[in-house]
Amino acid sequence: MDTAVNPTGLLFTALSVCSDAAGIAGNLFAIVLFVSPIPTFRRIIRSKSTEQFSGLPYIYGLLNCLICLWYGMPIVSPGIIHIATVNSIGAIFQSVYLIIYIIHAERAKKVKMIGLLLAILAAFVIIALVSLKLFEPPNRQIFVGYLSVISLISMFASPLFAIVSSQKTLAFTSTYKLCSFLRPNAFANVLVWQNLVIKTRSVEFMPFYLSLATFLMSLSFFAFGMFKSDPFIFVPNGIGTVLGVIQLVLYYYYYYYSNAYGGGSTEPLLESYV
């Protein structure tokens with residue numbers, strides 16, 4: 001009886017376990033970001049008005065999440081189902097947020113948002129049909145992967161926050177973690193927060209636990225992408241991990257700066273759910 005252990009088989013099993021663990025961890029950290037806009041929408045529901053909140057990030061986010069969901073489907077990219085599951089949840093959250101926004105928006109905004117929503121749904125259907133009809137694996141994966149990167153770039157251009165009060169500008173993370181392997185808003189919010197923290201020399205604009213969750217999620221999906229040898233996953237998440245480290249370093253520095261010199265509040269203005 002042959003009892004020899006196959007090293008290749010053991011290595012494959014270990015990599016599979018590690019990639020699944022990284023994917024599950026990324027999903028869990030993503031939930032923190034999914035629920036982060038809840039306080040904003042409670043405010044919208046209570047006031048029955050969208051006030052000065054922008055709905056465009058949710059539109060961009062839903063499209064990005066749908067593209068990433070499609071990218072993670074076995075028919076496009078076999079073996080990365082964690083990408084599909086987390087983005088399906090993300091799409092549900094963004095759809096709910098959009099419905100609430102549309103219900104409470106003024107008539108002009110309502111019409112505009114409904115039109116944009118129909119447009120992105122049509123765009124997603126076209127992308128899915130084109131990828132199925134014109135591309136075969138692995139070109140199908142490459143096609144959808146590049147589209148996800150283009151979607152990421154468009155997210156950087158989306159309005160991320162804009163709430164002006166009589167006292168100060170409130171840093172508002174308009175939509176957190178829309179796509180779990182590209183997380184465009186998470187990346188852009190990191191840049192926004194870093195800029196605010198440096199200008200104000202205070203961490204009051206930086207929700208620490210959301211910053212930590214963004215970093216951990218980026219790190220998890222970076223590891224997942226590396227285990228899967230998928231550059232469309234590990235490259236953007238590598239960028240997100242680096243930005244997350246910088247953000248946490250800034251938080252640590254300016255937190256102690258504020259305490260030492262009384263440079264401002266150390267409590268984040270944005271109430272967060274963690």
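Student: Which hand is the crossing where H3 passes H4?
Tutor: Left-handed. Bear in mind that this is a predicted model.

Student: At what angle do H3 and H4 pack?
Tutor: About 155 degrees, with the axes 8 Å apart. H3 spans residues 56–72. That angle is over 145 degrees, so H3 counts as roughly antiparallel to H4.

Student: Which residues of H3 make the contact?
Tutor: Tyr58, Ile59, Leu62, Cys65, Leu66, Cys68, Leu69 and Gly72.

Student: And which of H4?
Tutor: Ile81, Ile83, Ala84, Asn87, Ser88, Gly90, Ala91, Gln94, Ser95, Tyr97 and Leu98.

Student: Next pair. Where do H4 and H5 sit in the chain, and at what angle do they cross?
Tutor: H4 covers residues 81–104 and H5 covers residues 107–134. Their axes come within 8 Å and cross at roughly 150 degrees. Again the cut-off is 145 degrees, so H4 is roughly antiparallel to H5.

Student: Is the crossing of H4 and H5 left-handed or right-handed?
Tutor: Left-handed.

Student: What meets what there?
Tutor: H4 brings Leu98, Tyr101, Ile102, Ile103 and His104. They meet Lys109, Lys110, Met113, Ile114 and Leu117 in H5.

Student: How does the contact of H4 with H5 split by class?
Tutor: Seven nonpolar, one polar and two charged residues.

Student: Which H4 residue turns up in both contacts?
Tutor: Leu98. It is listed in the contact with H3, and Leu98 also belongs to the H4 group that meets H5.

Definitions and conventions:
Residues numbered from 1 in each chain as written. Predicted model: local features only at pLDDT ≥ 70, side-chain atom pairs only at ≥ 80, totals over all residues. Heavy atoms only, no water. Axes fitted to C-alpha atoms, helices over the stretch in contact; angles between N-to-C directions. Helix = DSSP H or I, 4+ residues; strand = E, 2+ residues; numbered from the N terminus. Parallel < 35°, antiparallel > 145°, perpendicular 65-115°, else oblique. Left-handed = near helix turned anticlockwise from the far one by under 90°. Contact = heavy atoms within 4.5 Å. Nonpolar A, V, L, I, M, F, W, Y, C, P; charged D, E, K, R; others polar.
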